[in-house]
Amino acid sequence: MIVKPRAGDHLVVGKYTGKVIVGVGLLMVVPLLTSIAYHEWDTALDFVISIMACLVFGFGAQILSRTDRDLGWSHGLVVAAGSWVWATLLGCLPLYLSGHEGSYLNAMFDVMSGYTTTGLYLLQDLDHIANGLNMWRHLLTYAGGQGIVVIALTFLFKGTAGAYKVYVGEGKDERLLPNVVQTARAIWLVSLTWLVLGTVALSGVGLALGQAPGRAFLHGLWIFMGGWSTGGFAPQSYNTVWFHSLAYEVIAAVVFIAGSFNFALHWAMWTGNRKEIVRNIEVLSFTITLTLMTLVATFALAKAGVYPTAMTLFRKVFYQLASGHTTTGFSTIYSRAFVTQWGPIGMLAVTVVMAIGASACSTAGGIKGIRIGVITKAFIQDIRRMISPESAVVCSRYHHIRDIALDDAMVRTVMTITLCYLTTYMITALIGVAYGYDLSSSAFEAVSAVSNTGLSCGVTSPAMPDFLKVVYIFGMWLGRLEFMSVFALAGYLFSMARGR
Amino acid sequence: MAGHHTAVRFATLLLIVGLSAPAIPAFAQAPSPNSPDSIGLVEQPKKYDGKTVEFTGEAIGEVMVRGEYAWIHINDDAYYAKNVEEGAPLGGYNSGMAVWVPAGITSRIMHYGDYQHEGDVVTVRGVFNAACAEHGGDMDIHAEELVVDVQGRHVVDEVKPWKLWLAIALSLIAALLYAMHRSGEASRTLGPVSRRR
């Protein structure tokens with residue numbers, strides 16, 4: 001029997017969703033101040049309107065949902081998934097009001113892409129947008145990378161026991177410290193330290209490359225935010241090829257690879273466990289698959305003679321592959337060059353690394369290295385069982401912060417989520433094919449959206465069919481929240497309609 | 001059972017929508033001053049690789065001087081003559097080419113396009129590289145000549161009065177709701193204390 005949610009359940013969901021949306025509104029103060037600093041008055045007004053809309057919704061929801069009940073598991077998942085929908089609906093107001101979006105749906109696409117750290121965008125005339133609006137694009141991807149719920153946990157939840165359930169609902173399940181709010185703050189400590197170091201390094205190189213100090217700082221900050229969050233937004237339409245600099249590419253790559261690592265790994269390193277980086281299953285998995293696919297793409301492009309020297313070939317291949325594997329989406333080639341220069345094998349290599357993605361409990365998307373590692377270990381374990389005597393007990397373990405024994409329940413969970421990703425990739429790609437896009441382009445773009453990467457081969461554009469935009473929005477949301485929260489929200493809505 | 005039927009209905013609907021989808025809409029790209037334009041160069045890199053091209057468009061962003069040469073970026077998209085802030089209709093993504101020019105001649109460019117500027121419209125003549133060996137495989141144009149065709153200008157994005165009124169109205173409602181929320185929270189905090197008494 002399906003149990004219909006009671007009024008008390010709605011109140012809990014409404015109250016905490018309201019809190020998260022207030023957090024989104026407060027986050028917009030940063031781009032508002034940026035616009036004021038640069039005398040972008042019309043854009044500043046867009047942010048005032050948007051902040052107030054968030055506060056009206058947030059306070060309104062909390063007034064209508066007064067309750068002392070704490071969150072249960074299902075509430076946590078529903079709040080996490082639901083908050084992302086409301087945060088998208090309201091967070092896209094500044095983009096829509098700017099006049100650079102073709103429709104409200106396009107603006108929603110961009111904001112969902114930002115929150116989910118995807119990096120695909122439909123905004124038009126990016127090279128003429130206000131600094132405040134660019135700040136918002138990058139801030140929402142930086143915030144989305146940390147998890148918008150993590151932000152609310154840090155500042156607004158005041159340590160409720162149920163907060164952990166929302167935190168897990170947002171696709172993060174590492175508890176670095178005993179208390180979830182302390183964990184959220186630890187994530188911020190690591191992220192903000194990297195923010196300062198990364199911004200200083202990128203801004204310094206930007207200055208050396210001939211940028212004016214103000215632009216060097218803003219570009220350094222935004223590229224850091226886009227890289228660390230593995231979002232891939234950039235302030236110019238040329239993305240990171242704008243800088244034409246090996247140094248800039250190397251620093252950006254260091255930032256986005258670091259951003260794609262598990263926060264638990266960061267915390268282990270932070271607290272002195274330096275050896276973890278060479279033992280961790282996710283790092284090993286990432287290194288192996290990146291190396292393999294880089295070799296495949298390098299071979300294909302060398303055969304096609306696309307790049308004139310070995311150095312330029314390696315530089316282009318490694319950057320796009322690392323960017324794809326970390327699900328960042330920075331690129332130093334034109335989108336259509338994947339089709340016109342890289343060809344099917346090159347595109348396939350990028351599609352594979354995007355599908356795998358980077359580490360769990362990080363800002364990255366995709367199936368995740370830990371799942372690939374566990375599936376590989378389970379496969380090897382099964383082979384060992386087959387060739388061992390029947391009476392032999394075959395055990396397998398992997399290392400992630402500590403040694404963990406592999407068991408069938410764990411493998412089943414990993415396989416379920418992996419299957420969810422593969423099915424979503426396939427359905428999204430098939431819908432693209434139904435619209436007339438060729439299979440390799442459609443698969444490339446579908447995997448890019450669902451794995452929250454953001455590399456494009458030209459399918460994503462303001463002129464793409466609206467239904468496909470909706471499919472990509474849904475795919476980005478599903479991929480980022482790793483299905484369970486979205487399934488919980490769907491179950492909640494279903495039980496409201498059909499439950500007793 | 002009802003859930004199963006709903007899922008089947010949803011899947012059928014999705015299939016019908018997908019299969020009845022119209023063909024990819026043709027993108028209404030605004031005319032470029034170039035032939036080939038930047039999109040044509042990206043679409044057919046082999047055809048134009050090593051050829052001399054003339055390329056016209058808006059100087060965008062900034063000049064980045066690297067010794068005797070400098071990087072500029074020229075957009076030949078729908079906004080090269082007029083941008084969205086000035087009232088140009090939306091015409092797709094930005095599109096352009098990176099151009100490597102002698103640093104000295106970039107001083108002719110007075111305005112680079114951004115939110116507050118429409119950049120100078122310039123024409124360069126140079127060699128197109130599909131993957132430049134000198135610049136890490138970047139797609140670029142190496143030009144020695146640069147002519148400013150149209151001077152750029154300062155752009156003011158006027159404040160729209162309706163936005164001002166909307167901002168004021170929403171601010172008042174938000175302030176009212178905040179006061180109600182705070183008073184509600186305060187009464188809830190005091191509630192148990194008064195009950196304990």
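Is P213(A) buried or exposed, and why does it count that way?

Reply: Keep in mind that this is a predicted model. P213(A) has a relative accessibility of 60%, and the cut-off for exposed is over 50%, so P213(A) counts as exposed. As for where it sits, P213(A) belongs to helix α11 of chain A, which covers residues 213–228. Going back 10 residues in sequence from P213(A) gets you to S203(A), and the C-alpha atoms of the two are 8.0 Å apart in space.

Elsewhere in chain A, there's a helix pair to look at. Helix α20 (residues 439–450) and helix α21 (residues 466–480) have axes that come within 7 Å and cross at roughly 45°. That angle is why α20(A) and α21(A) are described as oblique to each other. On the α20(A) side, the contact is made by S442(A), E445(A), A446(A), A449(A) and V450(A), while α21(A) brings Y472(A), G475(A), M476(A) and G479(A). Sort the residues of this contact by type and you get five nonpolar, three polar and one charged.

Then there's the partner chain. Between chain A and chain B, 73 residues of chain A are in contact with 73 residues of chain B. The two chains bury about 6000 Å² between them, with carbon and sulfur atoms giving 61% of that area. Six salt bridges are counted between chain A and chain B. One of the salt bridges pairs D42(A) with K160(B), and their closest N and O atoms are 3.2 Å apart.

Key. Residues numbered from 1 in each chain as written. Chains lettered and ligands numbered in written order. Predicted model: local features only at pLDDT ≥ 70, side-chain atom pairs only at ≥ 80, totals over all residues. Heavy atoms only, no water. Axes fitted to C-alpha atoms, helices over the stretch in contact; angles between N-to-C directions. Helix = DSSP H or I, 4+ residues; strand = E, 2+ residues; numbered from the N terminus. Parallel < 35°, antiparallel > 145°, perpendicular 65-115°, else oblique. Contact = heavy atoms within 4.5 Å. Nonpolar A, V, L, I, M, F, W, Y, C, P; charged D, E, K, R; others polar. Buried < 20%, exposed > 50% of the residue type's maximum accessible area, 1.4 Å probe, protein only. Buried area = accessible area lost by both parts, 1.4 Å probe. Salt bridge = Lys/Arg side-chain N within 4 Å of Asp/Glu carboxyl O.
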